[in-house]
Amino acid sequence: MYCFVARNAVVVIASALVAVILESTGHEDALTLTGEVPAGLPSPSPPDFSLPGLMDILGVGIAIVPLIGFLEAIAIGKGFGRQNGYKVEPNQELIALGSCNVLGSFFSSYPVTGSFSRTSINNQSGVKTQAGNLVTGTLVIMSLLFITPAFQYIPKAALAAVIISAVFNMMNFRIFLQLWKLNKLDLLPLSATFISSLFLGVAYGTLIGIGIDLLILLYPSARPQIKVEFLGNSFTRGQHRGYGTVVPVGGESVPDDGLLFGNRKVWF
């Protein structure tokens, strides 16, 4: 059990020892190493919003990065919540992410969000509570202060192997078959998001997936079904694609999917 929990550390330490041996024998080019890591913690300072060209550098990221960060954190939380039997409150997650990002801006940190790879590693290592983050944070701070010279010998391949092996267990290939059986239309946003994320990046892939989902949700409201009632009996007349008003004799027509501004011409 203990070997299973510490297997990620064993891989990293063993590969670093191999890198040291290769370097001592003159074969330092055999592996791509992490390289020198700056020691210490950054000095706290308020964010500088007066930098020239700041908005040009941020671009669309000023809106996409917070959205992606929140969606990623919620997706990770709900995914592992289903596996381990706990619930995630989106409002609490938003407060936590906002507080961490505001505090992190004084230390020039990366945007704070959930991480698929690190969460998978924690899950595989047996972490059960939020105390795991306190332990991880403490270890990171101690490492930055005292043992950063040893990091330069860690091969990038070893770090990649740890992340890939952790994330691989999160891949759900059965979802394609399940959606094909339940609702084939849901395969469209899933496939579009996956393919566009591979070729265009996660930010644009997520926006494309959200856009397709919105179109799928709004189209039935723009072309609603018409429910015609006759003397207590009712039937649904397919999907009305015209713009006329249905006035049955001896009954009434009502919108079956709701009366909205976008579909008002179907009824009036």
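What volume does the second largest pocket have? I looked that up before anything else, keeping in mind that this is a predicted model. The second largest pocket comes out at about 1700 Å³. Its lining runs to 31 residues, and those closest to its centre are Ala75, Phe116, Leu190, Thr193 and Phe194. Next I checked which elements give two or more residues to that lining, and got α4 (61-84), α10 (174-182), α11 (187-200) and α12 (202-222). Helix α4 supplies the largest share, ten residues. Sorted by class, the lining of this pocket holds 19 nonpolar, seven polar and five charged residues.

**Whole chain**

I stepped back for the overall picture. The protein chain has twelve helices and three strands. Of its 268 residues, 20% are buried. I also looked at contacts between residues at least 6 apart in sequence: 61% of them join residues at least 24 apart.

**Helix α2**

Then I picked out α2, which covers residues 7-24, 18 residues in total. From first C-alpha to last it reaches 26 Å, close to the 26 Å expected at 1.5 Å a residue. Which residues of α2 are buried? I found Asn8, Val12, Ser15, Ala16 and Ala19. Looking down the axis of α2, I see these buried residues fall within an arc of 105°, so they line one face of the helix.

After the helix comes Gly26, and I noted its positive phi, near 85°.

**Cavity**

The largest cavity has a volume of about 40 Å³. Lining it are Ala19, Leu22, Glu23, His27, Glu28, Leu31 and Leu33. By class, the lining of the largest cavity splits into four nonpolar, one polar and two charged residues.

Notes
Residues are numbered from 1 along each chain as its sequence is written. This is a predicted model: local features need pLDDT of at least 70, side-chain atom pairs count only at pLDDT 80 or more; totals for chains, interfaces and linings use all residues. Side-chain values use heavy atoms; hydrogens and water are left out. Helices (H or I, at least four residues) and strands (E, at least two) are DSSP runs, numbered from the N terminus. The expected span of a helix is 1.5 Å times one less than its number of residues. Buried means under 20% relative accessible area, exposed over 50%, partly exposed in between (1.4 Å probe, protein chains only). The arc is that of the directions from the helix axis to the C-beta atoms. On a 1 Å grid over the protein atoms alone, a cavity is a set of points where a 1.4 Å probe fits but cannot get out, and a pocket is an open set with protein on both sides within 12 Å along at least five of seven lines; lining residues have an atom within 4 Å of a point. Grid points are joined across faces, edges and corners, and a volume is the space filled by probe spheres set on the points. Ala, Val, Leu, Ile, Met, Phe, Trp, Tyr, Cys and Pro count as nonpolar, Asp, Glu, Lys and Arg as charged, and the others, Gly among them, as polar. Contact means heavy atoms within 4.5 Å.
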